[in-house]
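Keep the viewer open and follow along.

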Amino acid sequence: MSNPVTAAIQDRWFAAVANNGWSDVAALIRQGASCAWTTVREQSALHLAIEHGHEPLATFLMGVHLAQGVELDLENRQGHTPLGVAIDKHASAVVQRLLESGAAATRSVRFIGKAPANAWLAAAHVGATPILRVLSTHAPEIIDTALGDG
């Protein structure tokens with residue numbers, strides 16, 4: 001049985017992230033909110049921040065993930081990682097920060113409504129040229145894999 005206090009904090013945590021409520025997010029972290037928590041759709045706070053276009057909050061949450069020892073490549077129920085969501089949303093700054101923080105570009109990612117692919121193919125499929133530039137700089141090894149040379 002789940003702890004009702006924790007459940008209440010979780011509900012407030014996800015609402016604060018979805019609404020870009022910085023002060024609430026900070027207060028909830030002090031109260032013990034965890035980046036390992038997920039919604040009923042298995043969305044992490046990082047997934048939600050990226051999905052809602054809250055790029056500065058997403059960057060902040062990446063640091064919290066690392067500080068709490070939570071991996072950046074968590075998959076939601078549909079198999080989407082935060083990197084896959086960022087690619088789908090054309091959020092090149094978030095993609096760059098995820099890669100710099102240790103997200104796996106070589107791992108197969110699902111992106112919204114598409115079959116699994118590596119990050120390069122996913123970005124190419126959605127026409128995200130700025131993301132292709134980020135990937136070629138931060139993860140050049142995936143280009144060979146995407147082209148079948150790796």
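Is W22 buried, partly exposed or exposed? With a relative accessibility of 38%, W22 counts as partly exposed; buried means under 20% relative accessible area, exposed over 50%, and partly exposed in between, using a 1.4 Å probe and protein chains only.

## About the model

This is a predicted model, in which local features need pLDDT of at least 70, side-chain atom pairs count only at pLDDT 80 or more, and totals for chains, interfaces and linings use all residues. Residues are numbered from 1 along each chain as its sequence is written, and side-chain values use heavy atoms, with hydrogens and water left out.

## The aromatic pair

The structure holds one aromatic pair. The ring centres of W22 and F60 are 5.4 Å apart and the planes meet at 50°, so the pair is tilted. For Phe, Tyr and Trp (its six-membered ring), a pair needs centres within 6.5 Å; planes under 30 degrees apart are stacked, over 60 edge-to-face, and the rest tilted.

W22 sits in helix 2 (residues 22-30) and F60 in helix 4 (residues 55-68), so the pair links parts of the chain 38 residues apart. Helices here are DSSP runs (H or I, at least four residues), numbered from the N terminus. F60 is partly exposed too, at 32%.

## Two loop residues

N20, in the loop between helix 1 (4-18) and helix 2, is not a glycine, yet has a positive phi of about 60°. E42, in the loop between helix 2 and helix 3 (45-51), has a positive phi near 60°.

## A buried leucine

L135 belongs to helix 8 (residues 129-138) and is buried, at 0% relative accessibility.
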